[in-house]
Each structure stands twice: as structure tokens, then as C-alpha cells.
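User: I'm new to this one and would like to learn how to read it. Could you walk me through it step by step?

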Amino acid sequence: MKTIACIALALFAQVIVVAQTEEEAIREALQQYIDGSSYNDPEKIVAPFYEDARMFLSKKDQPIWILSPAAYADLFKKREKGKFNGRVGTILAVDQQYDIATAKVEIAIEAQHMRFIDLFILKKLEGHWKIISKAATRMPESE
């Protein structure tokens, strides 16, 4: 009986470790995007995205602004690479099921009194977590 309990405990521990490893890999992909957009690094911005991903963003006077990751990264090309631009990203939640995941990230730009909530869909492709879609909204200043 002790042997069965030990085997069951070992298998359960392995499942937890694998799940933590997957969540860590998802968080690393998200953090790469966050770091790229916080430090004006277009290569880091694009790297965690699937090539054909789309970003559905907020823009004043437009109901929706759709960009590819490359087009979004281009917005940072004229800024000094490696210099912090005031964008602070915080991963708020990650939910992973087998080879898909969702994530919620807050982006705060205090100097401009701006706060965004980004929702990501990720898929594990060829052993790597890739962002396949992002939707963002600018939050009202009162929240």
C-alpha cells in the first residue's frame, strides 16, 4: 500500500512540475513582449508572436485598430532601443489547458495617466508558446 501511495504521490508531483514549467514558459513569452515594448526593442516585441498573429487594439476615434506584430513593433523603431519608455507591464493571470492558454496583462504608463488591459491567446507550436492573438483596451482614467 505504501508503494502505491508513493507512486501516486510521485506522479502527482510530476504533473504539478510540468504544469508549472508550462506556465513559466508562457510567462516568459509574455515577458519578452512586455520587455520589448517597455524598452523599445522591436525584435523582442515580435519574437513571441506567431507570424500571422493579429493585434486588436484601442485607438482614439477608431472602433478597432488591427495590426500585425511587425507593424506594431515598427511603432517602436524610432525610439532609443534599450531605453525605458515608461510602460510597466504586469502579468495578472495565466490559464493554460494542454496546448492553448489565455493571459491577462496590465500595461500602465503613469506619466500619461494611461492604463491598458491586454488579453492574449497563446498556442504551443513546435515546442514553443506563441501569442496567436492579442486584444487590448484602454481603461478609463477613473478606474
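This is a predicted model: local features need pLDDT of at least 70, side-chain atom pairs count only at pLDDT 80 or more; totals for chains, interfaces and linings use all residues.

User: Now the overall layout. How many helices and strands does the chain have?

Analyst: Start by walking along the sequence and noting each element. Here you get 3 helices and 6 strands, and they come in the pattern α-α-β-β-α-β-β-β-β. Among contacts between residues at least 6 apart in sequence, 47% join residues at least 24 apart.

User: What share of the residues is buried?

Analyst: Of the chain's 143 residues, 32% count as buried.

User: Which residues touch the most other members of the largest nonpolar core?

Analyst: For a core, look for the members that touch the most others. This core has 28 residues, and L30, Y33, Y72, F120 and L122 are the ones with the most partners inside it. Then check which elements contribute: α1 (2-38), β1 (49-59), α3 (69-74), β3 (87-97), β4 (100-109), β5 (114-125) and β6 (128-138) each supply at least two residues.

User: I keep clicking on M55. Is M55 buried or exposed?

Analyst: Relative accessibility is what to check, and the cut-off for buried is under 20%. M55, which is found in strand β1, counts as buried because its relative accessibility is 0%. Its contacts, apart from neighbours within four places in sequence, are Y33, F49, W65, I66, L67, S68, P69, Y72 and K134.

User: On to aromatic rings. Why is the pair of Y33 and F120 called edge-to-face?

Analyst: In the pair of Y33 and F120, the centres are 5.6 Å apart and the planes sit at 70°, so the pair is edge-to-face. Y33 lies in helix α1 and F120 in strand β5, so the pair ties together parts that are 87 residues apart in sequence. Both Y33 and F120 are buried.

User: What about Y39 and F84: what kind of aromatic pair do they form?

Analyst: A tilted one, with 5.4 Å centre to centre and 50° between the planes. Y39 lies in the loop between α1 and α2 and F84 in the loop between α3 and β3, so parts 45 residues apart in sequence are tied together. Y39 is partly exposed, at 36% relative accessibility, and F84 is partly exposed too, at 41%. Together with V88, Y39 and F84 form a nonpolar patch on the surface, with about 270 Å² of accessible area.

User: Which residues form one aromatic cluster?

Analyst: Y33, F49, Y72, F76 and F120 do.

User: Last topic, charges. How many salt bridges are there?

Analyst: The count comes to 8. To read one, find the N to O distance, then see where the partners sit. R27 and E23 meet at 2.9 Å, N to O. They are 4 residues apart in helix α1, which means about one helical turn separates them. R27 is partly exposed at 30%, and E23 is partly exposed at 31%. Another salt bridge joins E106 and R115, at 2.4 Å.

User: And which residues are linked in a network of salt bridges?

Analyst: D41, E43 and K81 are. The closest N and O atoms of K81 and D41 are 3.8 Å apart. K81 lies in the loop between α3 and β3 and D41 in the loop between α1 and α2, so the pair ties together parts 40 residues apart in sequence. D41 counts as buried, at 13% relative accessibility.

Key
Residues are numbered from 1 along each chain as its sequence is written. Side-chain values use heavy atoms; hydrogens and water are left out. Buried means under 20% relative accessible area, exposed over 50%, partly exposed in between (1.4 Å probe, protein chains only). Contact means heavy atoms within 4.5 Å. A nonpolar core is a set of buried Ala, Val, Leu, Ile, Met, Phe, Trp, Tyr and Cys residues joined through side-chain atoms within 4.5 Å. Patches are made of residues with over 30% relative accessible area and no salt bridge: like charges are joined within 9 Å, nonpolar side chains (Val, Leu, Ile, Met, Phe, Trp, Tyr) within 5 Å. Accessible areas come from the Shrake-Rupley method with a 1.4 Å probe; for residues, only the protein chains shown count as cover. A salt bridge is a side-chain nitrogen of Lys or Arg within 4 Å of a carboxyl oxygen of Asp or Glu. Rings of Phe, Tyr and Trp (its six-membered ring) pair if their centres lie within 6.5 Å; planes under 30 degrees apart count as stacked, over 60 as edge-to-face and the rest as tilted.
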